[in-house]
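Student: I would like to learn how to read a model of this kind. Can we go through it feature by feature?

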Amino acid sequence: MLKYIFNPKSVALIGASNEPKTVGSGIASNLLKSKKKIFFVNPNSKKVFGKKTYSSVLEIKEGVDLAIIAVPGKIVNFVASQCVEKKVKGIIVISAGFSEVGNTEEEVNLRKIAQEGNMELIGPNCLGIINTKDNLNASFAPLTPSKGNIALLSQSGAILDAIIDISKNKSYGFSKIVSYGNEAGVDLSDYLEYLATDKETKVIMMYLEGINKNGRKFLEVASRVSKIKPIVVLKSGKTESGKSAALTHTGSLAGNSKIYSSVFKQAGIIEVDSLEELLNTSKALSFYNRSQNGVGIITNGGGFGVLAVDYLDLDGVKIPKLKKETLSKLEALEKVKTKNNPLDVLGDALADRYEIAMEALLQQKNIHTLFIIQGMQMMTEPEKTAKIIIKLRKKYNKPIICSFVGGDFFKKAIDMLEKNKIPNVEEIKRATKVIKNLTYEK
Amino acid sequence: MKVLSFIETRNLLKKYNITVRGTELFTEEKEALIYAKKIGFPVVLKVSGEKIIHSTEQNAVIVNIKDEKEFKEVFNALDKKFKDKEGILVQKQFKGKELVIGLNYDQTFGPVIMVGLGGIFVEVLNDVSFRVCPIDKKDALAMLEELKGFKTLLDFRGSKEVDLEKLIELLLNLSNLIIKEEDVHSLDFNPVFVSDTEINIADLLIIKK
């Protein structure tokens, strides 16, 4: 049923406005970028962005699939009833002033109106939704995100906006973005169910403060969906102080964080600790499928290798010993006397040493992921190495995570990697977190 | 909210293949002593009753009773001190590693099961793990492995590995109980003693809605 929300033929914005820096004008200008049939409703102005306005949704002669409601909270239910009369298929209620401020009764009524009118309901108290495929930005997010295969579900509008901005012109992008608000109608599980079969989506990314309702349904649905597509979640409200901030924020109870973490584990959801880890992990998953436990590490500095092993070991990632066949392939590395995993190809390594090492390790069966570390040394050849990585990624089809540690020296090489959908995380610990999150136990 | 009596608790647990071993309820000293001799000293005496939820804090439990003489003294003292009671439990002085196991209702997710290592592990380190019920074998093992002190349950410093199979079975039975018994609000086994051969529930409490 959500198809009318994400793929409407026609959209009405109720509460469209000319006034700069308002929600009504933000959504209006975003909507005009799509090729959908757009109607603006506002009884108080004749034109919005040069386009004729209607005094009510009922005045529109053509059919309306989706209506976006951005009017004062008090008249939302009245407008929603008009939408039912108009036989609108789905509504997105941007307006606030419902359960998040204790006004539960109005929210229950809104839900009833939608239910009885057989109309999908998103929100209230949300930022809206975005479908990048049709360039449909039915939200007041200031930017439209880059296209890609990540779907984002967020309980916070501000974090959603930040993620859109951070990811602009990067190597990854978004299929659908949803700010789901109070979930009076469509709830989190419904979105997961929809995204599970959405062709444009490969990874589901979530920012969560608390589950508003249907906790058991969420566990059941997420357990099923996570077997089809990876779900990555950042959950806030883990401390007592964090909890009270969330309570006043979205009107949800951020319950015992230990129980949430258990639910995520039970449901096969990848839980991360920070916004950065959320983005890095989702990016890697948008490039790669999850892989079995076993990582090979190649570095041109012993220190990096030791750090990587420390972090990975604590996170339960296996670092298999090199097999006889692998070691014999590595005999070509004459100057490298000690051959272990992590494999230190030494500070004077040129790109060719990386190539021999990578070929050998990628061929070992119990090495499922490769971690390539490079620091700046006199002889280092970042771009040449990047080229080899790109070539061998295609040849072996095993996930490769890079950590080119530094600044300007590596900029060009990192751009090459990212353009070819190979993630680079410029700090060892953060890179190991991505490797951990990519790993699953068979 | 209603606290179940020992007899009610034992009967309910039995339905889910959970046996309370080495523990019997008495009102008469003579019969209690016969049982104590049968299970062998040292034993534990514990007052059972609706008003006794925290037996240790209420001084309603005396451990390590070594012989007949001490047994009679303690039994009579407890009998006099606690008038409003179901009876006095005679319990074997169990040995093994201490665990806490519980069932509870979470507002968002419904029935949840908890397991933790007893003693300082739970009190100081809060070393517990949760799962939403129902759980399967894999979940049960995962929640044990998640404990920071999991290694102490294995072959550790000369002590034998506890019977993990039995422990997992107990967790599964409890998960089954909370799913089927809709009027059970929460359950506490604290402590449970586990060894390489047996599992003994030393203290149990079930609260109905």
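Tutor: We will take the overall numbers, a sheet, the helices, the backbone exceptions and the chain contact in turn. The model is predicted: local features need pLDDT of at least 70 and side-chain atom pairs count only at pLDDT 80 or more, while totals for chains, interfaces and linings use all residues. Residues are numbered from 1 along each chain as its sequence is written, and chains are lettered from A and ligands numbered from 1 in the order in which they are written.

Student: How many helices and strands does chain A have?

Tutor: Helices (H or I, at least four residues) and strands (E, at least two) are DSSP runs, numbered from the N terminus. Chain A has 16 helices and 20 strands. Its C-alpha trace spans about 80 × 45 × 35 Å along the principal axes.

Student: What percentage of chain A counts as buried?

Tutor: A residue is buried if 20 or more other C-beta atoms lie within 10 Å of its own, exposed if 12 or fewer, and partly exposed in between, with C-beta atoms placed from the backbone. Of the 442 residues of chain A, 51% are buried.

Student: In what order do the strands of the open sheet in chain A run?

Tutor: Strands of a sheet pair through backbone hydrogen bonds, either parallel or antiparallel. Two strands pair here if DSSP finds at least two bridges between them. In chain A, 7 strands form an open sheet in the order β3-β4-β2-β1-β5-β6-β7, with mixed pairing. The edge strands, β3 (47-48) and β7 (120-122) of chain A, each pair on one side only. Strands β2 (37-41) and β4 (51-54) of chain A pair in the parallel sense over 2 bridges; A:Val41 has A:Tyr54 in β4(A) as its bridge partner.

Student: Which residues of α5(A) are buried, and why are they on the same side?

Tutor: In helix α5 (157-167) of chain A, the buried residues are A:Leu160, A:Asp161, A:Ile163, A:Ile164 and A:Ser167. They are on the same side of α5(A) because they cover an arc of only 160 degrees around the axis, taken from the directions from the helix axis to the C-beta atoms. The buried residues pack against β10 (147-154) and β11 (174-179) of chain A, where contact means C-beta atoms, placed from the backbone, within 7 Å. The face turned away from the buried side carries the exposed residues A:Ala158, A:Asp165 and A:Ile166.

Student: At what angle do α5(B) and α6(B) pack?

Tutor: Two packed helices are described by the angle between their axes and the distance between the axes. Axes are lines fitted to C-alpha atoms, for helices over the stretch in contact, and angles run from 0 to 180 degrees between N-to-C directions. Helices α5 (137-145) and α6 (164-180) of chain B pack at about 115 degrees, with axes 9 Å apart. B:Lys137, B:Ala140 and B:Leu141 in α5(B) meet B:Ile168, B:Leu171 and B:Leu172 in α6(B).

Student: Where are the backbone exceptions?

Tutor: Most residues other than glycine have a negative phi, and most peptide bonds are trans. A:Lys87, in the loop between α3 and β6 of chain A, has a positive phi of about 65 degrees and is exposed. The peptide bond from A:Gly123 to A:Pro124 is cis, with omega near 0 degrees. Another cis peptide bond joins B:Cys133 and B:Pro134; B:Pro134 lies in the loop between β8 and α5 of chain B.

Student: How many residues of chain B are in contact with chain A?

Tutor: 11 residues of chain B are in contact with 12 residues of chain A. The largest share of that side of chain B, 4 residues, comes from β8(B).

Terms used: Two residues are in contact if their C-beta atoms, placed from the backbone, lie within 7 Å.
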